[in-house]
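Open the structure in your viewer and keep the selection tool at hand. The stops below say what to select next and what is there.

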Amino acid sequence: MNPILSVEGVTAGYGRVTVLHDISLEAGRFGNVGLFGPNGHGKTTLLRAISGLLQPKSGRILFDGQDIVGHSARAIVGAGLIHVPQGNRLFPDLSIADCMALGAYSPRARPHEAENREKVVKLFPKLAERWRQRVRTLSGGERQMVSIGTALMSHPRLLILDEPTLGLAPKIKDELCASVMDISRGGVPLIVVEQDIEFLLELTQQLYLVNHGAVATEIKPGESLDHGEIMSMYFGH
Amino acid sequence: MSALAEILFGGLFQGSLYAMMAVGLALVWTTIGVFNFSHGVFMMLGAYIAWQLVELGLPAAVAFPIAVVVMAGVGWILQASVVRPLIGRPNIVLVVVITTLAAGSLIENGALTIWGPRSKQIPALITGNTTVGGVGVSLHQIAIIVITPLILAALCMFLNRTRLGLALRAVAQNEDASHLVGLNVTALYGLAFAIAASLAGLAGIFMGGYRFMSPVMGSDPLLKALIVVVFGGISSISGPIFAAYLIGFFEAACSYYFGLYWTPALLFGVLILTLMVRPEGIFASRSRGLA
Ligand SMILES: Nc1ncnc2c1ncn2[C@@H]1O[C@H](COP(=O)(O)OP(=O)(O)OP(=O)(O)O)[C@@H](O)[C@H]1O
Ligand SMILES: [Mg+2]
């Protein structure tokens, strides 16, 4: 299977600070992809470059064989590459219903709006109870559900999640992990950044350790690793 | 009786003009997070374009809508030239104050060069006078009092009931998230400016129908609109609307009881008090966002 996304030698950063150093990776060849690594080493920056929020200084990003570097975020969303950003800030004064309508804004997603809304409600029944409530009044877990729900409304062909369980209590976190597994079973390939390695091992087939803005280690299917080995990667080098 | 009627009428009339101006200022603030100091110039330009079209022989019913549409284009162009290139700068609010002031001054002097300093007047929406509650008023002013709430209601409907309006409200709240659902953020910024400029242009046409126009006619309304948004809170579109009418009534009452001379001083007194007690404005919630 061809990778749905491949990042080739991307260098990117903010102003004069370079965060990503010639990073390369592939997604979709073996299934879901997990990214992990220490804080502040460029995982979010990489996702921002992929979704067009940040212009790389050099390198190529191929989505479905097409170089999307220089494309607008809107065009990238229009192609079906959907990114759920870290920290679920969302639209604080909009209702859940409004967020869902925005998720279906792109012409590609519009025809599937009703069908996707049903999917979201089935996946997160809690949201249906609070459909008209403002996002700012929701709990952290509910906000994360709205973030992911909004992304599903965009009819993703590839879904990127940046630390979906960040800051959630264990029970909500388990529920959310189960929902993410459901999404994956529904046929949407995922790229997930997570600190919870157990969750990544369960969800993904291929792992990348991102360190100092580059891939330090790639773990392909078959090369199963236990928790201890991964921890030593974190702290070892 | 006639005192009440005079204050009521004066307040509704001034409030309408202030609301038309302030709403545009608030729209631009909530979507882009900048203050547009060429907003008063938009008002002047709308009036002069309408005047020019009427001079060319077009009937007012054609000239006025054309002027409003042209103003939408002017707003869009101004946004694209002196605001959009600066977006993302850390001190954007201050920088845009300067660039819009500069653009405004250029346009003002341009108008002076093209149309000259002589005062002009454009046709009233409706000619004639009547008396209401013992106070003599022009039909033009009554038309403004009736039309303005309709236009503002239409704007609120647009923002709250349509998908495009939803997109404008979204962009106001989170730019990155707006990009990530595929909104055309630059176009929405342009749209916010275009709507603001059209409303200001319309306010100019209203004003030019009962007062003499001059190239600096927009500066006092801009100041008043600033007071209105500071007073009402810049975080929403309904706050400034209520504040505009409140200030209209306040001014009307002040000038009735204390005379025109004292009105600005009293107004600023109220403004300073408001800022001390509720810095976010009297109708504001604590967040930035439309509707
Ligand atoms: N907008 C920005 N402007 C300047 N520097 C930034 C910006 N965003 C991130 N950085 C810097 O880029 C580096 C990488 O940040 P990034 O958010 O990509 O890390 P991360 O791997 O996602 O970390 P975390 O696990 O904490 O989310 C950090 O040093 C950070 O300070
Ligand atoms: Mg991050």
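Two terms are needed before the first stop. Contact means heavy atoms within 4.5 Å. Helices (H or I, at least four residues) and strands (E, at least two) are DSSP runs, numbered from the N terminus. The model is a predicted one, in which local features need pLDDT of at least 70, side-chain atom pairs count only at pLDDT 80 or more, and totals for chains, interfaces and linings use all residues. Residues are numbered from 1 along each chain as its sequence is written, chains are lettered from A and ligands numbered from 1 in the order in which they are written, and side-chain values use heavy atoms, with hydrogens and water left out.

**Helix H6 of chain B**

Select residues 163-173 of chain B, which form helix H6. Buried means under 20% relative accessible area, exposed over 50%, and partly exposed in between (1.4 Å probe, protein chains only). Nine of the 11 residues of H6(B) are buried, so this helix is largely enclosed by the rest of the structure. Among the buried ones are Leu166(B), Arg169(B) and Gln173(B).

What do the buried residues of H6(B) pack against? Colour helix H3 (96-103) of chain A, then helices H1 (2-32), H5 (139-161), H7 (175-180) and H8 (185-208) of chain B: these are the partners.

**The whole of chain B**

Now show chain B by itself. Its secondary structure consists of 11 helices and two strands, in the order α-α-α-α-β-β-α-α-α-α-α-α-α along the sequence. The C-alpha atoms fill a box of roughly 60 × 50 × 35 Å, taken along the principal axes. Of the 291 residues in chain B, 55% are buried.

Next, pick Glu251(B), located in helix H10 (residues 238-257). Is Glu251(B) buried or exposed? With a relative accessible area of 9%, Glu251(B) is buried. Not counting residues up to four places away in sequence, Glu251(B) touches Gln14(B), Tyr18(B), Lys224(B), Thr263(B) and Leu267(B).

**The whole of chain A**

Switch to chain A, which has nine helices and 10 strands. Its C-alpha atoms fill a box of roughly 50 × 40 × 35 Å along the principal axes. Of its 237 residues, 54% count as buried.

Select Asn116(A) in helix H4 (residues 113-123). Asn116(A) counts as buried because its relative accessibility is 3%. Apart from neighbours within four places in sequence, Asn116(A) is in contact with Leu152(A), Met153(A) and His155(A).

**Ligand 1**

Finish at ligand 1, and show the residues near it (a residue is near if one of its heavy atoms lies within 4 Å). Among the residues around ligand 1 are Val19(A), Asn39(A), Gln86(A) and Gln195(A). Helix H1 (residues 43-50) of chain A gives the largest share of this shell, three residues.

A polar side-chain atom of Tyr14(A) lies 3.4 Å from a nitrogen atom of ligand 1. A backbone N or O atom of His41(A) is 3.3 Å from an oxygen atom of ligand 1. An N or O atom in the side chain of Glu163(A) is 3.1 Å from an oxygen atom of ligand 1. The protein covers 59% of the 630 Å² of accessible area that ligand 1 has on its own. Accessible areas come from the Shrake-Rupley method with a 1.4 Å probe; for residues, only the protein chains shown count as cover.

Conventions
A polar contact is a pair of N or O atoms within 3.5 Å; within protein, one must be able to donate a hydrogen and the other to accept it, and residues adjacent in sequence count only if both atoms are side-chain atoms.
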